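Open the structure in your viewer and keep the selection tool at hand. The stops below say what to pick next and what is found there.

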Amino acid sequence: MAYFYQRFTSIQVMLWIALTVSVATATTVIADDSTKTTKSVGVLPADQFINPIGEGADPWVVRDPHAARYLWCVSHGNRAISIQASESLTSLGVRHIMWRAPDSGPYSQQVWAPELHFLDDRWYVYFAASDGDNANHLAYVLKSKSSDPLGEYELFGPLATGGGADGKSPNLWAIDMTVLEHVGKRYAIWSGWDAPGTDQQFLYISPMKSPTELAGPRVQICDNDDFDWERTESGEQGRGLNEGPQVFKSGGNTSLVYSCGASWLPTYKLGLLELIGDDPMQPSSWKKRAEPVFQSTEETYGVGHSCFVQSPDESQWWHVFHAKRDRQPGWRRAIFVQPMKTDERGFPQFGQPAQAGVPQSRPSGDLGNSETKKRSRVNDFSYYGHHQFYDFDTAAIRLGRVPDEPINAYRSGEKVIFDVEAPHDVDASVTIDFHGDANARDAGILFRVSGASVGFDSQRGYFAGLIPKAGLMILGKTDGTTWTELARAKTTIDTNRPQTLSAQIVGDEITVSHDKQTSLTFRDSTFADGRVGLRVVDTDATFTSIEIQPIDN
């Protein structure tokens, strides 16, 4: 956990933050913005947000029954699991690694799709892991030692997800385990192979003896190719594939929403099973919808592996899912959230997937839209970018760090936005370490920022940065999609030592300085308010000693 110091007086707010970050611009810097025209886009209203809210796949989030917050459960680099607390459903919160896989052994790699459940006053994290060979994937569970979701956990498993009365004759491939509670009983539901080595994924269910043990034997809920749209490709060249089962209960009815098709293609989608019988262990108790319930559009595609959670005031249901970042085969994905409805029987109605970059209303009662954010701790921030491209500790935040073993990695102008309210007129400074890279691109400060999401220029606000490669200090703005340079100045950047950058804005006048020697001034009135953050693009940089002060006019 990164810790920050915050002091409030009647005349000033000072923040000291040790950070490591890298930043780069997504477009070519130009000397004069008079040759460019951009949309007139101002500050995003406080009651709106922008998708995607984060990078990742197989999202899982629950409301904490003991606190006014959401708990995200995330796989990191396929080697660790993080639980991240956030007051807002539109932010993943700060990383808190609660379990790391061992260096070797049957559950040392390919840690997939963790789910956090609160059962019998303890927290349980169900996940799949292997020894590095996908054919050896099995299901495991972590149990908290107390009722604190951010406390210590102990490991159980592998769970008995195979054949025979004991579920271990033999134990069989299993991923995406979730929990169904029905009429006072608990059941585990997952995606598994029908036999060793078949690579044929079906949905299975088993009664639970306890949260850490299945009672078996397993039962296959349905076929995986009842309909052509469940196949990885249409027709005989494709195969049926069902995975990512998720339970939704409303109006006294139970749905099992599942992902199907090829997760690596834009055609990934959701199907739905209705529980129409009394016994979930009987396949006849489940009725499969003849059409997919959620599928791609031209703008948002490869949608799947959903979960469902209520808004803070419990007046809305929200749908959380991942979508692909590009149409090429692969698993580069990002996380979206959007409201959903239910029909008169209580079954979910999803509509179409939200489009990236389009403003949406925040969840009803979302704390990101309330006065409490003015009292937020300074160590609360939102990160936008691939989870393997940043690190932080008590001394620094590092953005743009290239991972040793990248997992479905992509660059996106990595940034952090601090949740604490920023002064209207502000003087911000930071020390940037470019790690000796004379060819580095942009790294610097974001200010008067709103509407941040995953993407190079996916924020509204100003950016002041240094570009060692070009020997430039720059000032520009982004409208959520496009970068516009406002001003630049030549400067000497010695990447073998830390550099100091400062940005001051009073009204519409912006002044940027480098090492208290080179400076430039520009007037722009596009953005009147917003938060402060740090940003990099295709650069590995470390930010330390950030100081943010209000300017008393």
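**Aromatic side chains**

Begin by selecting Phe248, Phe294, Phe308, Trp317, Phe321, Phe336 and Phe350, which form one aromatic cluster. The model is a predicted one.

Within that selection, keep Phe308 and Phe350. Both residues are buried. Their ring centres are 5.8 Å apart and the ring planes stand at 25 degrees, so this pair counts as stacked. Phe308 belongs to strand E22 (residues 304-310), while Phe350 sits in the loop between strand E25 (348-349) and strand E26 (360-361), so the contact ties together parts that are 42 residues apart in sequence.

The structure has 23 aromatic pairs. For another of them, select Trp99 and Tyr107: the centres are 6.4 Å apart and the planes meet at 35 degrees, so the pair is tilted. Trp99 is buried, at 11% relative accessible area, whereas Tyr107 is partly exposed, at 26%.

**Salt bridges**

How many salt bridges does the structure hold? The count is 29.

Select Lys288 and Glu230 next. Their side chains form a salt bridge with an N to O distance of 2.7 Å. Lys288 is part of strand E21 (residues 286-288) and Glu230 is in the loop between strand E17 (219-220) and strand E18 (242-250), so the bridge ties together parts 58 residues apart in sequence. Lys288 and Glu230 are both buried.

Now select Asp225 and Arg231, another salt bridge, whose closest N and O atoms are 3.4 Å apart.

For a network, select Arg95, Asp391 and Arg401, which are linked by salt bridges.

**Arginines over rings**

Move to Arg535. Its side chain meets that of Asp457 in a salt bridge of 3.0 Å, N to O. Arg535 lies in strand E39 (residues 531-536) and Asp457 in the loop between strand E32 (443-450) and strand E33 (460-467), so the two tie together parts that are 78 residues apart in sequence. Arg535 has a relative accessible area of 0% and is buried; Asp457, at 6%, is buried too.

As a last stop, select Arg289 and Phe347. Here Arg289 lies over the face of Phe347, at 5.6 Å from the ring centre.

Technical notes. Residues are numbered from 1 along each chain as its sequence is written. This is a predicted model: local features need pLDDT of at least 70, side-chain atom pairs count only at pLDDT 80 or more; totals for chains, interfaces and linings use all residues. Side-chain values use heavy atoms; hydrogens and water are left out. A salt bridge is a side-chain nitrogen of Lys or Arg within 4 Å of a carboxyl oxygen of Asp or Glu. Helices (H or I, at least four residues) and strands (E, at least two) are DSSP runs, numbered from the N terminus. Buried means under 20% relative accessible area, exposed over 50%, partly exposed in between (1.4 Å probe, protein chains only). Rings of Phe, Tyr and Trp (its six-membered ring) pair if their centres lie within 6.5 Å; planes under 30 degrees apart count as stacked, over 60 as edge-to-face and the rest as tilted. A charge sits over a ring if NZ of Lys or CZ of Arg is within 6 Å of the ring centre and within 35 degrees of the ring normal.
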